Amino acid sequence: MALDPVCGMTVDPARAAGHVDHDGTTYYFCSKGCVEKFRDDPKKFLSGARERMAAEPAPAPALLTIGGLRRQSNLQSAIGNLQSGEWVCPMDPEVLSDKPGACPICGMALEPRVADLTGSPNPELVDMTRRLWIAVALGAPLFLVTMGDMLSGEALSRRLGPSWVNWIGFLLATPVVLWCGQPFFHRMRASIVNRSPNMFTLIGLGVGAAYGYSAIATVAPNLFPAGFSMHGAVDTYFDTSVVVTVLVLLGQVLELRARHRTGEAIRQLLGLAPKTARLVRGGREDDVPLERVLVGDLLRVRPGEKVPVDGVVAGGAAAVDESMVTGESMPVDKQPGDRVIGATIAVSGTITMTAERVGSETLLAQIVRMVAEAQRTRAPIQRLADRVAAYFVPAVI
């Protein structure tokens with residue numbers, strides 16, 4: 001990473017808006033405006049002077065590298081960048097992509113690294129829920145027809161006739177297996193192509209075998225030896241293929257809902273951050289967007305306002321509500337030299353503070369990052385299950 005000598009922002013050289021070679025050193029800049037200002041007077045900025053680009057449109061926030069992830073200097077922009085620029089497999093957090101699609105290993109739909117921060121419905125959750133309800137609607141009558149004698153003691157299948165039962169099962173199970181269960185077959189195919197057997201390999205094989213055998217037995221029963229035929233028709237397993245599909249869809253919906261709730265928790269955390277800060281400079285006080293705050297800036301926090309970033313009290317005194325971090329309901333008195341945390345609230349008193357950690361370096365930003373990463377972290381039992389599956393699936397096949 002490099003430091004823009006004009007505005008002091010951290011810049012990823014690979015994504016810099018421009019660079020200038022001066023006295024054998026290459027300097028990188030966050031915007032074209034910084035490039036031109038540096039070319040006009042490089043000595044001014046190399047001496048340590050900094051300028052705020054208030055007259056220019058806000059440049060794209062510079063990228064930082066934290067914990068191996070690309071992050072921008074502004075928290076809200078950083079989340080947006082991750083959401084649009086980094087997609088991760090929900091089964092394997094090490095699989096990353098710069099665009100949405102399917103995991104090349106397991107075939108599951110890739111999700112934003114930070115899930116659903118816009119508040120809109122998760123498209124995969126909506127799709128899986130629709131498939132689940134259709135599978136239930138078609139599977140319920142099939143289950144009653146094939147298992148009715150066990151539930152009521154009356155052999156409904158015998159009254160209808162074995163052939164009719166098979167054809168009813170064929171008509172009801174076909175859309176359930178081939179459409180509702182379509183994502184599982186795509187994932188099974190991906191697991192086979194990439195030689196990475198997993199749960200969907202077994203699901204696809206099991207459901208496909210049960211449905212395929214039953215479909216052939218219904219359409220062409222004469223292909224089977226006489227011993228396979230009972231009561232004038234071959235026994236089928238449409239109900240098995242449908243029930244397995246419904247149960248797996250239910251599991252997928254529950255898992256997607258859980259991840260969606262995590263996204264809601266992250267949105268609530270983001271809502272704690274103030275949008276502006278009161279900058280004190282040259283005897284003037286101005287409200288500026290939070291992303292414009294730089295390390296070392298002097299800020300004022302008045303009663304009832306949120307502390308904009310992490311820093312140290314420079315002057316004044318205030319009682320600060322830090323319950324969002326510590327859980328302590330009683331405000332904490334802050335004096336010069338005490339540290340304050342961004343997004344906490346000054347209940348009473350006025351302070352000036354020196355900004356020490358801004359953007360993605362603040363404690364709130366780190367909490368958001370850890371929650372998002374915890375969402376993708378595999379439990380030890382899951383890693384064990386994945387290792388077992390690598391041997392168990394081929395053995396079953």
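Modeller: The count comes to 8 aromatic pairs, where rings of Phe, Tyr and Trp (its six-membered ring) pair if their centres lie within 6.5 Å. This is a predicted model, in which local features need pLDDT of at least 70 and side-chain atom pairs count only at pLDDT 80 or more, while totals for chains, interfaces and linings use all residues. Residues are numbered from 1 along each chain as its sequence is written, and side-chain values use heavy atoms, without hydrogens and water.

Biologist: Why is the pair of phenylalanine 170 and phenylalanine 238 called edge-to-face?

Modeller: Their centres are 6.2 Å apart and their planes 65°; planes under 30 degrees apart count as stacked, over 60 as edge-to-face and the rest as tilted, so this pair is edge-to-face.

Biologist: What makes phenylalanine 238 count as buried?

Modeller: Buried means under 20% relative accessible area, exposed over 50%, partly exposed in between (1.4 Å probe, protein chains only). Phenylalanine 238 has 2% relative accessibility, so it counts as buried. Phenylalanine 170, at 18%, also counts as buried.

Biologist: How do you know that tyrosine 211 and phenylalanine 238 form an edge-to-face pair?

Modeller: The centre-to-centre value is 6.0 Å and the planes are 65° apart. Both residues of this pair, tyrosine 211 and phenylalanine 238, are buried. Trp167, Phe170, Tyr211 and Phe238 form one aromatic cluster.

Biologist: What makes arginine 187 sit over the ring of phenylalanine 200?

Modeller: The rule asks for NZ of Lys or CZ of Arg within 6 Å of the ring centre and within 35 degrees of the ring normal. The charged end of arginine 187 is 4.9 Å from the ring centre of phenylalanine 200.
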